[in-house]
Amino acid sequence: MTATLRRLFRRRPPGGLACAQLVELVTDYLEDALSPADRRRFEEHVSRCDGCTTYVEQIGQTLSLLGRVTPDDLSPEARRDLLDAFRDWQAGGAAATDPSPGR
Ligand SMILES: [Zn+2]
């Protein structure tokens, strides 16, 4: 195996899904709306990615609190907030949900 190939292998995300793609799929996953192939890739990624395991658990808790969330309920802003929060996790920051001190 060449060094280039090895590097590509290492960079290949679990399940062939990048974390950002997983974030896009999570509501479909929780609503059982993914195709079997996508679902398998999703689960494979989560099983190997600690960050996404935490993410999916948190989304699941939010869903059980709210009762239900449909993709229509997720505004573009909400999606971006989720992605931003997720990037914080990815950056290794523990303070993903930092309660900003009041002004
Ligand atoms: Zn991930």
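Helices (H or I, at least four residues) and strands (E, at least two) are taken here as DSSP runs, numbered from the N terminus. This is a predicted model, in which local features need pLDDT of at least 70 and side-chain atom pairs count only at pLDDT 80 or more, while totals for chains, interfaces and linings use all residues. Residues are numbered from 1 along each chain as its sequence is written.

View 1. Followed along the sequence, the pattern reads α-α-α-α-α. Of the 103 residues, 14% are buried; a residue is buried if 20 or more other C-beta atoms lie within 10 Å of its own, exposed if 12 or fewer, and partly exposed in between, with C-beta atoms placed from the backbone. Take contacts next: two residues are in contact if their C-beta atoms, placed from the backbone, lie within 7 Å. Among contacts between residues at least 6 apart in sequence, 65% join residues at least 24 apart.

**View 2. Here is the largest nonpolar core, with 9 residues.** Such a core is a set of buried Ala, Val, Leu, Ile, Met, Phe, Trp, Tyr and Cys residues joined through C-beta atoms within 7 Å. Its members are Leu17, Leu22, Val23, Val26, Phe42, Val46, Cys52, Tyr55 and Val56. Not counting residues up to four places away in sequence, Val56 touches Val26 and Val46.

**View 3. Zoom in on Leu22, which lies in helix H2.** Leu22 counts as buried because 23 other C-beta atoms lie within 10 Å. Leaving aside neighbours within four places in sequence, Leu22 is in contact with Leu17, Phe42, His45 and Cys52. The C-alpha atoms of Leu22 and Asp38 are separated by 10.0 Å, with the two residues 16 apart along the chain.

**View 4. This close-up shows H2 meeting H3.** Leu22, Leu25 and Tyr29 in H2 face Asp38, Arg39, Phe42 and His45 in H3 as contact partners. By type, the residues of this contact divide into 4 nonpolar, 1 polar and 2 charged, where Ala, Val, Leu, Ile, Met, Phe, Trp, Tyr, Cys and Pro count as nonpolar, Asp, Glu, Lys and Arg as charged, and the others, Gly among them, as polar.

**View 5. Last stop: Asp32, in the loop between H2 and H3.** Asp32 is exposed, because 7 other C-beta atoms lie within 10 Å. Its phi is near 65°, a positive value in a residue other than glycine. Most residues other than glycine have a negative phi.
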